[in-house]
Structures are given as C-alpha cells and as structure tokens.
Amino acid sequence: MKPNSPANWLLLTALVAGCATPLPYPTSADLAFALMGDTPYNNTEVRALDALIDDMNVQDLAFVVHVGDITSGRGPCTDEWFEARQRQYQRLRHPLILLPGDNDWVDCHRSGFDPMERLDKMRRLFHSGDESIGQRTIRLERQSSNSRFAEYREHVRWIAADVVFIGLNVQGSNNNLGRTPAMDEEHRRRMVAVLAWLDESMTLAAQRRLAGAVIAVQANPDFEARYRRRAGVGDGFEAFREALRAHALRFGKPILFVHGDTHWYQQDRPLDDPATGKPIANFIRVEVPGSPQVRWLKAGISRERSGVFAVTPAPPATAPPY
C-alpha cells in the first residue's frame, strides 16, 4: 500500500466534538508511527505483507504498533506459522511492538491447541526481552517487572513525544469469557492485570503532565453493543469500557484508543459522558483495517499542537462485516 497524501491526514483533537476534521498534514511533528493489525491470515496475505513491510521500510517512522492477530480465527496456530511471522516481521527496519490477538491464542482451541500454551509461545517469540522486536529496537517497560504480574510480559508501556503508549492484552471472542470455567478464570486474572497496568500508566501520564495517551489492544470492546453472547454469558468488556470512560474523564487530555478485531477502519468518539449524555471529546477511537485488507495507517503527533494526534484515513472498500 502506498501511503495517502499528506492532505488526507485527519487531525484528532480533544477540543472538537463530532467527526474528525480533515486538515493538512502538520508541518512539523515530534514523530510519525505506524498502526496495523489483523494480518496475515493466509499465504496470499503473507506475500502482501512482504510488500507492505517494504513500503514501511522506506518511511520515516519511530516505530510500528501491530494490535495482534497474525493468523486467522481457524489458524494456523502452529509453531512453524508463528516462527515464520517472527522472521517476517523482523524484516522491519523500525521497532515493532506486537500485541497478542485472540486468533493467536484464545481461538487456537478451534484447531486443537491449548490457548495458554499458545499465549506462552507468543510471549517467548515476541516479548522475551525488555525491547521491541525489529531491526531497530526501543526499550519497553513491562508489567512483568512487578512480581505480582510476572506472567504478563505483553503488557507494555513506553513514552515518546510527550505521550505515553500503553499496550494491553484485551481480546476478541468476548475477551475469553464464557467458553470454559478455566478460561473464565484466565479472563478474571488477566483483567485484574489489565486494569492495574492501565491505572498505573494513566497515573504516570497525569503525574508527568504528559500531553496525551495512546492505548492499544486487539479487541473492539463492543462499543457498538453488537456482540452476540450466549444466554447466561457475561459481557467480557464491561469493566474495561468503564475503566476507559473513567480515565478519559479524569485525564482530560487526548486519548487515542487503537484496536483491530472487526477489520473495519473507523474513527469516532464511542464513549459518552454519563453526566451530559454527549460523547467524551478527548477520547478518540481508531480501528485499523484488517484481513482481507493488508494495510497500515500512518499516525503522528504534532509538535505545534502538543498532544494532538493525526492518522491517515483508510477508505473502505466494502460494507463493515457486522
């Protein structure tokens, strides 16, 4: 994919409610970075991903954030597939922060794998040190440095251009709630860690008076209330949505929430302020496009407008898959 022209950048600001306003590309920026997810799902997309990596490698990017799902919901979940993806993504000359997706572990039971063993595989391949992967690397803070949360190496944090970036393991498939008692317990324990890391990171942003925050996860946490659950199965995202709402209201500065999962590029303000019933203006959601699209979004932070994010639009090709 060739990046869209600078004139097509969308400026995201906490000062204006409603849809994002098309404005020219900022003339100066603290940094530019890439957002992507939900690819590759098959060998055709593997070849397209090679071309996409070639495209990103000629760009001036501080890092690349992949929100997870490096295989389809039916696999492959094999060591061979994951190790091939690790080698493929290592072709990036930029630092890459890859989050686990539900297809990468939660849904691997569909092809006969143990989800927890697959998550451990992802952690060993992509989260084994205190740096990103990629030919260049950046140092990451991991929640696993706290002995209470030692297993959650995928919960990461770094600060760039006066903005805190927060990566969390929040998953599609109802966030792994409602399939088996063992997975319900996994969901409970992981969400304790998720909410603790989110709280700690947003407190850090407030204490350091940072200009903004980027929160990245795989799952669309059902802002649209469209997820169909079996009778008696709870909402695996409710606590997370409420935490996002509380942090947005408390922080008051721009929060860019990035996710994949439903594969449809969108940009909006999906959370309402319960006091006014109006959208929370400083909380902006961007969903990355996904399979069968193999695309990336270019994002940036403007030095001239501290804390303001810019993200390229990705014109839709088909109707959203809801």
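Rings of Phe, Tyr and Trp, the last by its six-membered ring, are paired here if their centres lie within 6.5 Å, with planes under 30 degrees apart counted as stacked, over 60 as edge-to-face and the rest as tilted. With that definition, a search of the whole structure returns ten aromatic pairs. What we are looking at is a predicted model, in which local features need pLDDT of at least 70 and side-chain atom pairs count only at pLDDT 80 or more, while totals for chains, interfaces and linings use all residues. Residues are numbered from 1 along each chain as its sequence is written, and side-chain values use heavy atoms, with hydrogens and water left out.

Let me stay with the rings: F33, F63, W158 and F165 are linked by ring pairs into a cluster. Three residues, F63, W158 and F165, also touch the most other members of the largest nonpolar core, which has 28 residues; such a core is a set of buried Ala, Val, Leu, Ile, Met, Phe, Trp, Tyr and Cys residues joined through side-chain atoms within 4.5 Å, buried being under 20% relative accessible area with a 1.4 Å probe and protein chains only. A second, separate core of 27 residues includes W197, L198, F237 and F251.

And what sits over the ring of W197? The charged end of R157 does, 4.1 Å from the ring centre, and likewise the charged end of R85 sits over the ring of W81, 4.5 Å from its centre; the criterion is NZ of Lys or CZ of Arg within 6 Å of the ring centre and within 35 degrees of the ring normal.

Notes. Buried < 20%, exposed > 50% of the residue type's maximum accessible area, 1.4 Å probe, protein only.
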